Amino acid sequence: MIWYIARRILYLIPTLLIVSVIAFLVIQLPPGDFLASLISKAEETIDQAQVDALRERYGLDEPIYVQYWKWISGIVARGDFGDSFEWNRPVSDLIWERLGLTMVISLVTLAFVWVVSIPIGIYSAVKKYTIGDYIVTVIGFIGLAVPNFLLALVLMYVAFRYFGQSVGGLFSPEYIDAPWTLGRALDLLSHLWLPVIILGTAGTAALIRVMRANLLDELSKLYVDAARARGLSELRLLFKYPVRVALNPLVSALAWVFPALVSGSAITSIVLNLQTTGPLLYRSLQAQDMYLAGSLVLLVSVLTIVGTLVSDILLAWLDPRIQLQ
Amino acid sequence: MAPNVEETLLEVKDVKTHFFTDEGVVKAVDGVNLSLRRGQTLCVVGESGCGKSVMARSILRIVPAPGRIVSGEISFRQRNGETIDLAQMNPRGRDIRSIRGREISMIFQEPMSSLSPVHTIGSQIMEAILLHLPVSRSEARKRAVSLLDLVGIPRASEQLDAYSFELSGGMRQRAMIAIALACEPQLLIADEPTTALDVTTQANILDLISDLQADSGMAVLFITHDLGVVAEIADEVVVMYLGRDVESGDVDAIFHEPKHPYTRALLQSIPRYDSRDRERLYSLKGSVPHPFNRPGGCPFHPRCDEFIADQCNTIDPGRYTVGGDHSVRCLLYEPSAAAQNVGASEPPAPAQNVGATR
């Protein structure tokens, strides 16, 4: 097992290298040079010395592989992702600032999705073709079909109209720039349910269907009958055998959860005015804020790779049938 | 130890297990009778789809939905001497669970899929032990090792931590047998346990089951479509057709004096090494009817060579005793009909159809 993990981590290095090249190419793809757009946008405030300094710093006159080397060595050696032109601040500051809240929302949403959909999926499979199963199925399909931003608008209206809650953002106005206190944390929690439900609905609906299908496959297998014939009670039987096997595919789904932590749900976050990385990526792409966009693309790619690794390791640990060769 | 050998352990009386589907009712088991004494082996034979497996599952009450027992009685004599009716029990209740694995165990057709893919062999044996016997985990583990040893799995203490996919088909079936024997049941139901195995392994497993049976004195209800297996291990035989017991009796009576046309046809369809060259093997005409299209009267009449017009297709034959505990469901043997029908008074010899070309 340890060798398997070590080997997989070793494979990460060339993969990350290739990913960083692609991410850098994506930065360079839009036509025009970022200094040109910087100067055209803010002519008066930037003098020639500053332009020359920037040109020097990023080595813009040099060939593309030299530029790449400067960018990647800055990231690897100093954690320097370059500066955002639009914000006029280091990219790393911008990302770190928002990453915390993004993680909180995403992880709570993930927990919400799993906690809600797994029991419902199990119920739906065990009671297949009953009224309860049909009701759950209909609700699931509605949840899958309604676009997130629409749900966001409706729930925001309901929260504002009937619960008098300040909607949009994750904090009440008085807490937005306040330091972390118990009050601020509680304020966050009282605002968190709205984005969590909105962001989690589609995932919950999808996962209910996946769980139901996985479990239906397992329930009819002979090892379930064999365990029943041993005298196991129905509930223990259900959780010890078929549910245990049916959960394995969900673990592999973790791979795409990680990148979604950073890039996912941009539109919903914009509608809800959430201070997460989704809207940041969206805006940076619109504004051709290339180092910010490029760094976010790189981050998303790295998280995809790491997510795949984590889910592979978890699966290898959970499912003995996976050969570690 | 030896309890009364003649004592009846299991008695199934006119059990009907039907499946209530949207398309209609499938009468998978439609009136089966059998009885099994302690330490004996009863073989249930019949073509695929004749309800053998559903009958076996009905005894343990593990018939899958939408099937359920609609009538009949399954009397089982427990260790404590009490006789209970399994057909009356709640299939999800505590009572039937204390029977499963403890008094009656079952092994299945495919050892590949009847073991959990993500649990070790040992954990599944220990589960069976810990469910029914008041022992500690370490004792259960010791017992599991000796069980694996008993069923002939080499290096038992290592194989305890093996997963099912790490074993061959034969070893998996041995592991299943070890689980089934974990609590020394009085009855082992074996649902075609050798069908998915190659011939050499089949013979080994059959030998293993008979050896274990000889040592423990348990009874075996063996479901198979292989008449060769029946001849080898059976004391008693029940022949099933479309959910019915069409003929039952001791193994000699069934093989040497088969009465029902279906039994005779089955026996004639066995290839024989001493048959003449280029002789065509007898084959039963037609195939098992679709469950929704069950023939009226005797269900076998459309395929029967002895079909009596206006009788077999209208009269549902009862069980007629033809000597000892040999009984048959066929109008040819109905006491009053025998007097009326000249052709049926002298049942045709079994060899009549040998070599017949269809």
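Good morning. The model is predicted, so local features need pLDDT of at least 70 and side-chain atom pairs pLDDT 80 or more, while totals for chains, interfaces and linings use all residues. Residues are numbered from 1 along each chain as its sequence is written, chains are lettered from A in the order in which they are written, and side-chain values use heavy atoms, with hydrogens and water left out.

I begin with the interface. In chain B, 28 residues are in contact with 21 residues of chain A, where contact means heavy atoms within 4.5 Å. The rule finds 3 salt bridges across this interface; a salt bridge is a side-chain nitrogen of Lys or Arg within 4 Å of a carboxyl oxygen of Asp or Glu. Glu127(B) forms a salt bridge with Arg230(A), and their closest N and O atoms are 2.6 Å apart.

Which elements of chain B give two or more residues to the side that touches chain A? They are helix H1 (52–60), strand E6 (104–107), helix H3 (121–132) and helix H6 (169–181). Helices here are DSSP runs (H or I) of at least four residues, and strands (E) of at least two, numbered from the N terminus. H3(B) provides the largest share, 6 residues.

I turn now to the pocket. A pocket is an open set of points on a 1 Å grid over the protein atoms alone, where a 1.4 Å probe fits, with protein on both sides within 12 Å along at least five of seven lines; lining residues have an atom within 4 Å of a point. The largest pocket has 36 lining residues, and Val126(A), Arg228(A), Pro64(B), Ala65(B) and Arg92(B) are the closest to its centre. H10(A) gives the most to this lining, with 5 residues.

Thank you.
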